[in-house]
Amino acid sequence: MFSFFKNNNDKNKKKPSFNSIKSAFDKSVDYQHSYYLNPFTGVKFSLHYFTTLIDGKILQEDVLPYVLSKDFNDLDDLKTIVPIMDIEISQDEAVIEQKLLNGYSMLTMDKSNRKFAFIATKNEMGRKVSQPEVEFSVVGPKEAFVESLSDNLNLLRKRVPVKELTVEELSVGTITHTRIALIYLDGLADEANVNTVRQRLDAVDFDQIMDSSFIEQLISDNTLSPFPLLLDSERPDRVASVLIEGKIAILVDGSPHALIGPTTLVEFFNAYEDYFLNFIVASFFRLVRVFSVAFSILITPIYVAALTYHYELIPKDLMATLVTSRQEIPLPPILEALFLELTIELLREAGARLPTKVGQTIGIVGGIVIGTASVEAGLTSNVLLILVALAALASFTTPVYRMGNTIRILRFPFLLLAQLWGLLGIVFCFCFLLGHLMNLTSLGRPFLEPLYPPRLKDLKDALIRFPFFKQPDRPSFLRTNKSTRFNPSEGKKKLDIDE
C-alpha cells in the first residue's frame, strides 16, 4: 500500500498509484483536496495538500488568485502564471507521496489525470540561529546550527564561498526519509574518504533517522566502542574550518549538530576557541584538559589501590591524615569510592533531566547536603569526597559532550581492577585501553594519529598548538589532494617588503 513498510531492496514491489495514495491520505483530518473551476476557460482542477505542512497564506495569496483569474489550458502554463519559483510538473505517481509530505501543494486538471503540478507552499517552522549552548566560547563567532538543513547549509556557504564546496543530498530512513547532506570540498578532500561515507550512508537500512547521533552510531567503524569515532559540532565556523582542512561533514535535517570525519582522539580535547587565542595560551589550556582527563579517570582508582594494597607509597604526613579521616568508616575503600561516584552520577543525571533552574539547585544543594551528611555519618572520608569532587570538575573540562560521557564511564573499570590487583590492575586496564584505542579507526583512518602511528608534522596541532605560520601543511592522515595550505616563505617575503 504505502512505502512506509517497503524494503529498499525490493524492486519488484508495485509502485503506489494516485488513487491508493489518496485513499490512504483521506484517513487523516489534515489532508484536504478541493475542486475549482476557472471561469475564463471552464477548466476544472483539484488542489491537494496537508493543512499542517503548508503555509495557507502562500496558497491564498500566491496560488489561488492566479490559477482562478488567469487563462491556462495546461499545467505547464503554471510556471509562467504563478509567482513561485519552485514548481515541478511530473507524470510520475510515485513522487506524489513524497512531495505532499514535504509541504508541496499538488494541482491536477480533469483533462490531464496523468499529469501533476507540485507547488512549493511549505510552512517553514523552526528555531532561529542562536548562540552555541554546548560549545560556547567567550571569543569568536556566536552562531550555532539549528534544526533546518537549509539554514545550516546557508551558514556554511557564507563561510566557504567557493564553487568547490559540494553538497550531496541523500534520503535515509525507510519511514522518516530524512534528508542528509554530505559536504566536502571537491578537489581537496580525499576521494576514498568521500566514497567511504557515501557508501556507508547508502547502506543504512533503518526505519527512522531522528538526529545526527543515529547516523554516527550506524556508520561508525566500531559500534561496540564507548569512544565516539565521529566528531559532532554545533559550530558552523568549526565545520567550515575542517572542510578546508580536507575533512567531510554530514548534516541531518532536524539536527543542530554536524558530524565530522575522519577524526582523531586529540581533537576531542581541543576546543575551537583555542584558535582564537594566542598559541601559548591555547597550548596551556590543551595541556590542562589532558591532565584533567587523566586526573578524572585515575585519581579515585589510585586512592583505592593505595589504601588497599600500597600503604608504603603514601608519605607519612599524608598517611596520618588519611588514617584520621577513615578511622570511623566501616566501609572498605572500594565501596566508599563507588558510593560517592554513583552519587555524583545521580546528581549529574538529575540536574541534566530537570528544568534548568531546578536542575542547578539540585546539583548545588544536593551535592553539599549529601556530601556533608555522608562525612558526618561516617560513610565516607572527607579526603575521598574532595578527590571525587575534583575528578567530577576535571571531567567537565572536556569540550565535546560525548567524549565527556566516555570519560565518566572509564573510571569504573579502573576502580574495579584497582580493587582486585592494586596499581598492577590499573596498569592492566590502561594497557587494555591503549590497545583498544590503537585498533580504532575513523572512516578507516587511525584514531590515535598523530600519536600512533607517530607523525611529527601533525603534532604541531595536537597536544599543543604551534603558531599559524608553523602549520603550512594540512594533516597528513587525511591524504588530501592539496597537502599545502600556504607558503610561509611567501608570507615572510611580503612582511619583509612592508617593513
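A disulfide is a pair of cysteine sulfur atoms within 2.5 Å. The views below show a predicted model.

**View 1. Cysteines of the predicted model, in which a search of the whole structure finds 0 disulfides.** Cys429 takes part in no disulfide, and the nearest cysteine sulfur, that of Cys431, lies 9.4 Å away. From the side of Cys431, the closest cysteine sulfur is that of Cys429, and the 9.4 Å between them is too far for a bond. The cut-off for a disulfide is 2.5 Å.

**View 2. Solvent accessibility of Cys429 and Cys431.** Cys429 has a relative accessible area of 8% and is therefore buried, the limit for this class being under 20%. Cys431, at 46% relative accessibility, counts as partly exposed.

**View 3. A nonpolar surface patch of about 810 Å².** The patch is made by Leu287, Val290, Phe430, Leu434, Met438, Leu451, Tyr452, Leu463, Ile464 and Phe466. Helices α9 (279-308) and α15 (423-439) each supply at least two of the patch residues. The largest share, 3 residues, comes from α15.

**View 4. Tyr452, one of the residues of the nonpolar patch.** Tyr452 is placed in the loop between β12 (445-446) and α16 (488-498). With a relative accessible area of 41%, Tyr452 is partly exposed, because this class covers values between the buried limit of 20% and the exposed limit of 50%. Tyr452 contributes to the patch alongside residues including Leu451 and Leu463.

Technical notes: Residues are numbered from 1 along each chain as its sequence is written. This is a predicted model: local features need pLDDT of at least 70, side-chain atom pairs count only at pLDDT 80 or more; totals for chains, interfaces and linings use all residues. Side-chain values use heavy atoms; hydrogens and water are left out. Buried means under 20% relative accessible area, exposed over 50%, partly exposed in between (1.4 Å probe, protein chains only). Patches are made of residues with over 30% relative accessible area and no salt bridge: like charges are joined within 9 Å, nonpolar side chains (Val, Leu, Ile, Met, Phe, Trp, Tyr) within 5 Å. Accessible areas come from the Shrake-Rupley method with a 1.4 Å probe; for residues, only the protein chains shown count as cover. A salt bridge is a side-chain nitrogen of Lys or Arg within 4 Å of a carboxyl oxygen of Asp or Glu. Helices (H or I, at least four residues) and strands (E, at least two) are DSSP runs, numbered from the N terminus.
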